[in-house]
Amino acid sequence: MESVRFAGFWMRFWAYLLDLLVIGSFNRLIIYPVFRALDLSIVEQNMFTPIAIATALTFYLYFVLMTKFLGQTLGKMVFGIKVVNLKGETLSWGTILFREWIGRFISSTILITYIIVAFLPKKQGLHDLFADTSVVHER
């Protein structure tokens, strides 16, 4: 059996920050100008404004689609890490949706749950534990 190197907290943190930069850039280059062209407000006063919904969709679609089709986001590609199913199976839609949508929502609500990555043997976040996934270094 091949040895697997799990990606730790800091590697995942920097990849996530790069992903946020990509998503933010996309929103500012594409979503905001479209809203301005349609004369829609880009002011977020609550989480149910059209711009808040559009940027949240951009965020979740980015993570869901990139992880499903490539096993990694652009941030993970740059840092040479990827999401894997711990059972060795292909990442299913159910696993991805649970990990990236529900699990990430829970993790972002209780920020301390991201820090557990540093202390668990398989370097899993709460969203990884729920989905039976982890992030590993590519070969």
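A contact is a pair of residues with heavy atoms within 4.5 Å. The model is predicted: local features need pLDDT of at least 70, side-chain atom pairs count only at pLDDT 80 or more, and totals for chains, interfaces and linings use all residues. Residues are numbered from 1 along each chain as its sequence is written, and side-chain values use heavy atoms, with hydrogens and water left out.

**Exercise 1.** State what share of the contacts in the protein chain between residues at least 6 apart in sequence joins residues at least 24 apart.

*Solution.* Begin with the contacts between residues at least 6 apart in sequence; of these, 65% join residues at least 24 apart.

**Exercise 2.** Determine how many helices and strands the protein chain has, and in what order the elements run.

*Solution.* Helices (H or I, at least four residues) and strands (E, at least two) are DSSP runs, numbered from the N terminus. The protein chain has six helices and two strands. Read from the N terminus, the order is α-α-α-β-α-α-α-β.

**Exercise 3.** Describe how strand 1 and strand 2 are joined.

*Solution.* Strands pair if DSSP finds at least two bridges between them. Strand 1 (residues 81-85) and strand 2 run antiparallel and are joined by five bridges. For I81, the bridge partner in strand 2 is H137.
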